[in-house]
Each structure stands twice: as C-alpha cells, then as structure tokens.
Amino acid sequence: MSASSEPVIVTEHDRTLYIRLNRPAAGNALDWATLEGLNRAFGVLNDDERLWAGVLTAAGDTTFCAGADLKTLPQEVAEKQKQGIPLPQTIMHGLRVRKPLLCALNGDAYGGGLELALACDMRVSSDHVRLALPEARVGMIPAGGATYRLPQLIGKGNALRMMLTGEPVTAAQASAWGLVDRVVPKDELATAIDEWIDMIARSAPLAVQAIKELVDASSAADATEAMQAEAVAIARIQRTADAAEGPRAFRERRAPTWCGR
C-alpha cells in the first residue's frame, strides 16, 4: 500500500507530529484500518521523546470525519472479536497522550469524528464547519467519550441538546459554547494551528506535559488529591535541566533553549 493510500498519514516537522485522516472519498470515516493507524500514530507521539506536540487533521476540506464507517466497521469489529482481537485503543477510547494534541477541524465532524476532536486538548475550526453527535438517530449512543467530555466543555444542557437531537451546530455556535477554541476562515486554518504550536513550543516541554497530566486527572480528584499530585509534579519538574534553563535565560534576557530533559 502506497503512502498516499494509507488511511492515516503521519509526518513530522519541528518536533510536531502531524496526523492526517486520509479517506476523503469515504468522508474520512473510521474503519478498522483507520483506528489501527490512529492507534499507531498516537503511540508514536506518546513514546518518541523528540516530539513535543501533535496535530490531528484530515484530508480534504469538506469532512474532517463522518464518524464510524457503518458500511464496514460493525462487521470488522464482530470478526475481530471472534478472533479475540480487541478494538484498537485510539485516544478517544482511552489512550492517554502525554503531549499537547491540537485538532484542526478543516471540515464537518460527526459522531466519532467529533469525539476524536473532543479528545484533543484544543480545537481550531474553519468557519464553514458543522459539528454533530447523531448516534441516537440510528439507535446508538456516543461511544468514544462524548457523554463524559462534552458536558465538561459546554455544560449539561447544551451537551444533551446535541446528543438527544443529533442536530448539527455551526462553528460559530460551537465557539460560543466553548466546544472549539478558535474559528478562522478556511484558508487561515493551517496558519492558526502553526501559531498555537509555536506558542506552546516557547514553554518547556516537560512542564507542558506535567500541566496536561494534572489537568486531565483533576476531574476525577478532590482538591486535596489534586494539590498533592501538583506538589509531586512540581518536585519532579524542579529537577529537570529545563527548569534551570528557564530562569537562566530570563536573567540573560534571551529566549530559553529547551532540551526536554
């Protein structure tokens, strides 16, 4: 299979892993091969210490991801289960990515496609995009974390409105609710993502990872547990080379040079 026909294409640039869904003719829908490709890509982002951040996007400019490929995925899952093969643990099904992961919504995101976006840390959307969770309309429920993540972002009422009706919302409405963090014209999406990646790269990568870890864990912890976890993380970060580099660069009135150690 050539690189151009792979369902997920991965490239690296300036310590950032770019992960692109690549089934535009099928609305970048999630079949088994796509889930496996995402699983591998997120594993690389997690494990490769040269990488400090990731960007998830998709081929084309009409559909970011139409959700599960109902033409093939149910049958593929059933067959794999018969063989004792579990569903690939992509990020939306539980894999914890330690590094910042941005989502560039260059097209509509429905169902599992929106759940992929919800699993990212920040979302930038083209202004023509629509977002929806229509699972109930086909007798299903969201199965990739939306029932947990969406109310945290936009509140119980708005989350129920989206999931119970299945009606799509515009990028502008999603921004007003806090579902997406920035809305830009279609031709400015790549630039907006690059700006955020550049801003994140100005911070020490290990400190960024520790902050992400603490924030991810905070929803399941009480105040005492959260503060204890923060104290442990602070003690760990204070021993890093980057923690020494930051104050030194400040004193020398220069930009810090991070090493990720």
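A salt bridge is a side-chain nitrogen of Lys or Arg within 4 Å of a carboxyl oxygen of Asp or Glu. The model here is predicted, so local features need pLDDT of at least 70 and side-chain atom pairs count only at pLDDT 80 or more, while totals for chains, interfaces and linings use all residues. Residues are numbered from 1 along each chain as its sequence is written, and side-chain values use heavy atoms, with hydrogens and water left out.

**Exercise 1. Find the salt bridge partner of Arg23 and say which parts of the chain the pair ties together.**

Step 1: Start with the idea behind the pairing. Side chains of opposite charge can pair when their charged atoms come close.

Step 2: Look for the partner. Arg23 forms a salt bridge with Asp69, and their closest N and O atoms are 3.1 Å apart.

Step 3: Arg23 lies in the loop between strand E2 (16–21) and H1, and Asp69 in the loop between E4 and H2, so the pair ties together parts that are 46 residues apart in sequence. Helices (H or I, at least four residues) and strands (E, at least two) are DSSP runs, numbered from the N terminus.

Step 4: Check the surroundings. Both Arg23 and Asp69 are buried. Buried means under 20% relative accessible area, exposed over 50%, and partly exposed in between (1.4 Å probe, protein chains only).

**Exercise 2. Is Thr34 buried or exposed, and what does its side chain meet?**

Step 1: Thr34 has its place in helix H1 (residues 32–47).

Step 2: With a relative accessible area of 1%, Thr34 is buried.

Step 3: Its side chain makes a polar contact with the side chain of Asp31 (2.6 Å). A polar contact is a pair of N or O atoms within 3.5 Å; within protein, one must be able to donate a hydrogen and the other to accept it, and residues adjacent in sequence count only if both atoms are side-chain atoms.

Step 4: Not counting residues up to four places away in sequence, Thr34 touches Pro7, Val8, Leu21, Arg23 and Ala29. Contact means heavy atoms within 4.5 Å.

**Exercise 3. Describe the position of Leu179.**

Step 1: Leu179 is found in the loop between helix H6 (171–177) and strand E10 (182–184).

Step 2: Leu179 counts as buried, because its relative accessibility is 0%.

Step 3: Leaving aside neighbours within four places in sequence, its contacts include Leu118, Leu131, Ile154 and Met162.

Step 4: Leu131 is 48 residues away along the chain, and the C-alpha atoms of Leu179 and Leu131 are separated by 9.5 Å.

**Exercise 4. In what order do the strands of the open sheet lie?**

Step 1: The 4 strands follow the order E4-E6-E8-E9, with mixed pairing. Two strands pair if DSSP finds at least two bridges between them.

Step 2: E4 and strand E9 (169–170) stand at the edges, each with a single partner strand, so one side of each is left without a neighbour in the sheet.

Step 3: E4 and strand E6 (residues 108–110) run parallel and are joined by 2 bridges. Cys65 has Ala109 in E6 as its bridge partner.
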